[in-house]
Amino acid sequence: MSQPNDKWSSEAYSAAASFVPKLTTTVLSYLAPKPTDRILDIGCGDGPLTAQIAASLPQGHIFGLDASASFIETAQEKHSSRNCTFKLQDCRRISECAEAVNGSWDKVFSNAALHWILREPSTRDAVFEDVHSALKPGGVFVFEMGGKGNVEAVHATILSVLTANGIPLSTARESCPWFFPSDVWMTQQLQKSGFEVEKCELEYRPTKCTAKSADGSGGLEGWVKLMGAEMLNVVEESKRGNIVKQVCDIMETVVTREEDGSQFLNYVRLRAVARKV
């Protein structure tokens, strides 16, 4: 999401969630890029997955959009090529990018971004309408995002710790930056937006946290600080470190595996393939 203070950077994301672009085997098999495909990537982040897809498009092109200036700067520096380009764009309003919504794209792709992009109910319809406008007739929208129940334990713990520290529950709820829909909701939304739904599925996928780090950027602590930043921002800056500690202390009981001390978050992924009709 577009923010005055951009929390995203390649370094912070890699420390807290380097597993995200790696766990893409299934969604990439659904994308099935062809050598001549023109693909629009919404919420492309700092671009490694976009560049990986570009390598399979020798006569095609992939165009990545993201709202983070830091991510786009990194993507342009590290991954731009003849057939792989990037642009800074708030993906809640893709229609503001004329080259994205001109009906020239064979496929629209998104990985681990739509749960941020769809957070605001008032802009959800527009996102799907813009994707529909971007695609050629018969073009395909392929994506993976957080689904219903995603990281529910850490979400509930952050809410509980905030309320225990005097934050009204309504304020804590409103600060949540994510939207994790069910497969039923998503199927209905896609159909309403003019798509024929070919696949829409949920996968329960416990996911190992990155390694803990001395500076607090890795492991569960790093995940909470980066992914939950908007929720932490409802308390004074001087108190946020203590809030993070309380969350991690409580979560340790349920996420730590006895055999080796590794920590896993209960990720639930929602994947869909939908065709423009």
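**View 1. Helix α6 (residues 121-134) packs against helix α9 (residues 183-192) at an angle of about 60°, with the two axes 9 Å apart.** In this model, which is predicted, α6 and α9 are therefore oblique to each other, and their crossing is right-handed. On the α6 side the contact is made by R124, D125 and F128, while α9 contributes W185, M186, Q189, L190 and K192. Sorted by class, the residues of the contact of α6 with α9 comprise four nonpolar, one polar and three charged.

**View 2. Helices α7 and α12 cross at roughly 130°, their axes coming within 9 Å of each other.** The two helices α7 and α12 are therefore oblique to each other, and α7 passes α12 in a right-handed crossing. The residues of α7 that make the contact are A153, V154, T157, I158, V161 and L162, and those of α12 are I243, Q246, V247, I250 and M251. Nine nonpolar and two polar residues make up the contact of α7 with α12, and no charged residue takes part in this contact.

**View 3. The axes of helix α10 (residues 219-227) and helix α12 (residues 237-255) come within 10 Å and cross at roughly 125°.** That crossing angle makes α10 oblique to α12, and the handedness of the crossing of α10 and α12 is right-handed. From α10, the residues L220, E221, V224 and K225 meet V244, V247, C248, M251 and V255 in α12. The contact of α10 with α12 divides into seven nonpolar and two charged residues, with no polar ones.

**View 4. A salt bridge joins R269 and E144, whose closest N and O atoms are 3.6 Å apart.** This pair links distant parts of the chain, with R269 in strand β7 (residues 264-276) and E144 in strand β5 (residues 135-146), the two residues being 125 residues apart. R269 is buried, having a relative accessible area of 3%, and E144 is buried as well, with a relative accessible area of 1%.

**View 5. The side chains of R271 and E203 meet in a salt bridge, at 2.8 Å from N to O.** Because R271 lies in strand β7 and E203 in strand β6 (residues 195-208), the pair ties together parts of the chain that are 68 residues apart in sequence. R271 is buried, with a relative accessible area of 5%, whereas E203, at 26% relative accessibility, counts as partly exposed. Through salt bridges that share partners, E144, E201, E203, R205, R269 and R271 are joined into one network.

**View 6. E96 and R93 form a salt bridge through their side chains, with an N to O distance of 3.3 Å.** Here E96 is exposed, with a relative accessible area of 53%, and R93 counts as partly exposed at 35% relative accessibility. Side chains of opposite charge can pair when their charged atoms come close. In total, the structure holds 18 salt bridges, among them the pairs E96 with R93, R269 with E144 and R271 with E203.

**View 7. A32 has a positive phi of about 45°, although this residue is not a glycine.** Most residues other than glycine have a negative phi. The place of A32 is in the loop between α2 (25-31) and β1 (38-42), where A32 is partly exposed, with a relative accessible area of 40%.

**View 8. V151, likewise not a glycine, has a positive phi of about 40°.** V151 is placed in the loop between β5 and α7 (152-164). Which is V151, buried or exposed? With a relative accessible area of 3%, V151 is buried, since the limit for this class is under 20% relative accessible area.

Methods. Residues are numbered from 1 along each chain as its sequence is written. This is a predicted model: local features need pLDDT of at least 70, side-chain atom pairs count only at pLDDT 80 or more; totals for chains, interfaces and linings use all residues. Side-chain values use heavy atoms; hydrogens and water are left out. Axes are lines fitted to C-alpha atoms, for helices over the stretch in contact, and angles run from 0 to 180 degrees between N-to-C directions. Helices (H or I, at least four residues) and strands (E, at least two) are DSSP runs, numbered from the N terminus. Angles under 35 degrees count as roughly parallel, over 145 as roughly antiparallel, 65 to 115 as roughly perpendicular and the rest as oblique. A crossing is left-handed if the near helix is turned anticlockwise from the far one by less than a right angle, and right-handed if clockwise. Contact means heavy atoms within 4.5 Å. Ala, Val, Leu, Ile, Met, Phe, Trp, Tyr, Cys and Pro count as nonpolar, Asp, Glu, Lys and Arg as charged, and the others, Gly among them, as polar. A salt bridge is a side-chain nitrogen of Lys or Arg within 4 Å of a carboxyl oxygen of Asp or Glu. Buried means under 20% relative accessible area, exposed over 50%, partly exposed in between (1.4 Å probe, protein chains only).
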